[in-house]
Amino acid sequence: MPHIPLPVELPGISSAFAFRPETAKPLRELAHTLLHEPNSLLPGERELIATYVSSLNDCYFCQTSHGAAAACHLGDRDVVKQVHADFSKRTSRRS
């Protein structure tokens, strides 16, 4: 639950961007770097981490959107459900 008054009509982090527009650009750039720039983790793995963190933050919008992206990248919706149930039992599919 946010501790600042956020616009309820905007989902997820979009409401925080509307509350403090000057933070939107650097936060979007950070998210882009973490999720899309070259990295040691596969895109699906990064989205899966974002899904889990968003579930800890109790943000339905973010966990759903990151979960959909993870499922798309990984080609497996069940892995997203497994991470929600118990991330510690999930193993990498890297070959």
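Predicted model: local features only at pLDDT ≥ 70, side-chain atom pairs only at ≥ 80, totals over all residues.
Visitor: Which helix supplies the largest share of the lining of the largest pocket?

Guide: The largest pocket, with a volume of about 990 Å³, is lined by 34 residues, of which G12, I13, S54, C59 and C62 lie nearest its centre. At least two lining residues come from each of α1 (13–19), α2 (24–36), α3 (43–56) and α4 (60–74). The largest share of that lining, eight residues, is supplied by α2.

Visitor: How many residues of the lining of the largest pocket are charged?

Guide: The lining divides by residue class into 21 nonpolar and 10 polar residues, and the charged ones make up the remaining class. The number of charged residues is three.

Visitor: What covers the buried residues of α3?

Guide: Helix α3 has 14 residues and reaches 20 Å from its first C-alpha to its last, close to the 20 Å expected. Its buried residues are G44, E45, R46, E47, L48, A50, T51 and S54. The elements that cover these buried residues include α2, α4 and α5 (77–86).

Visitor: How many disulfides does the structure hold?

Guide: A disulfide requires cysteine sulfur atoms within 2.5 Å, whereas the cysteine sulfur nearest to that of C59, in C62, is 3.3 Å away, and C59 is in no disulfide. The sulfur of C72 is 18 Å from the closest cysteine sulfur, in C62, and is therefore too far for a bond. The number of disulfides in the structure is zero.

Visitor: Is C72 buried or exposed?

Guide: C59, at a relative accessible area of 18%, is buried, because buried means under 20%. The relative accessibility of C72 is 65%, and the cut-off for the opposite class is over 50%. C72 therefore counts as exposed.

Note on methods:
Residues numbered from 1 in each chain as written. Heavy atoms only, no water. 1 Å grid on protein atoms, 1.4 Å probe; cavity = no way out; pocket = protein on both sides within 12 Å on 5 of 7 lines; lining within 4 Å. Points joined across faces, edges and corners; volume = space filled by probe spheres on them. Helix = DSSP H or I, 4+ residues; strand = E, 2+ residues; numbered from the N terminus. Nonpolar A, V, L, I, M, F, W, Y, C, P; charged D, E, K, R; others polar. Expected span 1.5 Å × (residues − 1). Buried < 20%, exposed > 50% of the residue type's maximum accessible area, 1.4 Å probe, protein only. Contact = heavy atoms within 4.5 Å.
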